[in-house]
Amino acid sequence: MTSEKFTIEKVLSVHRWAENLFSFKITRPNHFKFTAGQFARIGIKVNDELVVRAYSLVSSPYDETLEFFSIVVPNGAFTSHLQHLKIEDEIYLEKIPYGFLTLARYQEPIPQDLWLLATGTGLAPFLSMLQDFDTWKNYKNIFLVYSVRTLNELAYVNEIEQIRQTFGEDDTGFKFISVVTRDPSAMLHQRLPVLIENGNLEQAVGYQFNPQTSHIMLCGNPQMVEDTKEALKQRGLTMNRRGVGNIAVENYW
Ligand SMILES: Cc1cc2nc3c(=O)[nH]c(=O)nc-3n(C[C@H](O)[C@H](O)[C@H](O)COP(=O)(O)OP(=O)(O)OC[C@H]3O[C@@H](n4cnc5c(N)ncnc54)[C@H](O)[C@@H]3O)c2cc1C
């Protein structure tokens, strides 16, 4: 039975990045409008039961289809089934989007430098923001920092370069920094809070966090979010509340 809250969409494509990571695109119904950074609630039928999870939208708000980037959790109630997704399969899509990890939440400071810090699939909402021209128009500097465990989990690298070419101009000040935590030979391989504490992240970016100018978004692993938040607070940065402050976060579990 279809709940009134959902529409049934079709899978259009599936892309596998690694054994435990894949992306997929589904049809987008006309009524489904969202702001870059928001998430959808999507579902699949497992033994006739609808299992639903929150998924950030990778697509830009202007795309004709909806794209998602997923982990596979061994024995996960949702992803152990979702991982077998094929073209033409059905996905339940809740009719309204959710979430406040959007750039519109910032009133003060006014936009100047934007730091997008993700672990794993927490990259998804930032890809959506980076495919929105307003983001590039509003910020002088944009730093995308993407932390994974192993090199083969570094998805979307070519797409990020493509986004830079499409949306960035030569002087936009866009920097993409990857961190590979289980590869000591990677240029950056420590956890994000450590890289903030020891100054290596700012050194790699060539820019400093600044309570007067920085908007900083954290997304993904809750431990990373918590520890990074604390490291940033030590530097005088504040949580964004009612529009005011530097840091906005989304925990994935
Ligand atoms: C606002 C929001 C947005 C989300 N967006 C995404 C997204 O874009 N892509 C995505 O893959 N997941 C996303 N998630 C997580 C997602 O909702 C599910 O938790 C995930 O699909 C696993 O579902 P499951 O039933 O298989 O396992 P669950 O029973 O839900 O989770 C089991 C355990 O797996 C681990 N886990 C869960 N999600 C992840 C993850 N993404 N990466 C690494 N470990 C994880 C945690 O340890 C968790 O306790 C989001 C969650 C929230 C709250």
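This is a predicted model: local features need pLDDT of at least 70, side-chain atom pairs count only at pLDDT 80 or more; totals for chains, interfaces and linings use all residues.
Modeller: Local features need pLDDT of at least 70 and side-chain atom pairs count only at pLDDT 80 or more, while totals for chains, interfaces and linings use all residues. Residues are numbered from 1 along each chain as its sequence is written, and side-chain values use heavy atoms, with hydrogens and water left out.

Biologist: How many aromatic pairs does a search of the whole structure find?

Modeller: Rings of Phe, Tyr and Trp (its six-membered ring) pair if their centres lie within 6.5 Å; planes under 30 degrees apart are stacked, over 60 edge-to-face and the rest tilted. Searching the whole structure on that basis gives a count of 17.

Biologist: Which kind of pair do phenylalanine 6 and tyrosine 92 form?

Modeller: Their ring centres are 6.3 Å apart. The planes stand at 80 degrees, so the pair is edge-to-face.

Biologist: Is tryptophan 17 buried or partly exposed?

Modeller: Buried means under 20% relative accessible area, exposed over 50% and partly exposed in between (1.4 Å probe, protein chains only). Tryptophan 17 has 21% relative accessibility, so this residue counts as partly exposed.

Biologist: And tyrosine 156, buried or exposed?

Modeller: The relative accessibility of tyrosine 156 is 4%. That value makes tyrosine 156 count as buried.

Biologist: Which residue lies over the face of phenylalanine 22?

Modeller: Phenylalanine 22 belongs to a cluster linked by ring pairs, with Phe24, Tyr55, Phe68 and Phe78. A charge sits over a ring if NZ of Lys or CZ of Arg is within 6 Å of the ring centre and within 35 degrees of the ring normal. At 5.4 Å from the ring centre of phenylalanine 22, the residue is arginine 16.
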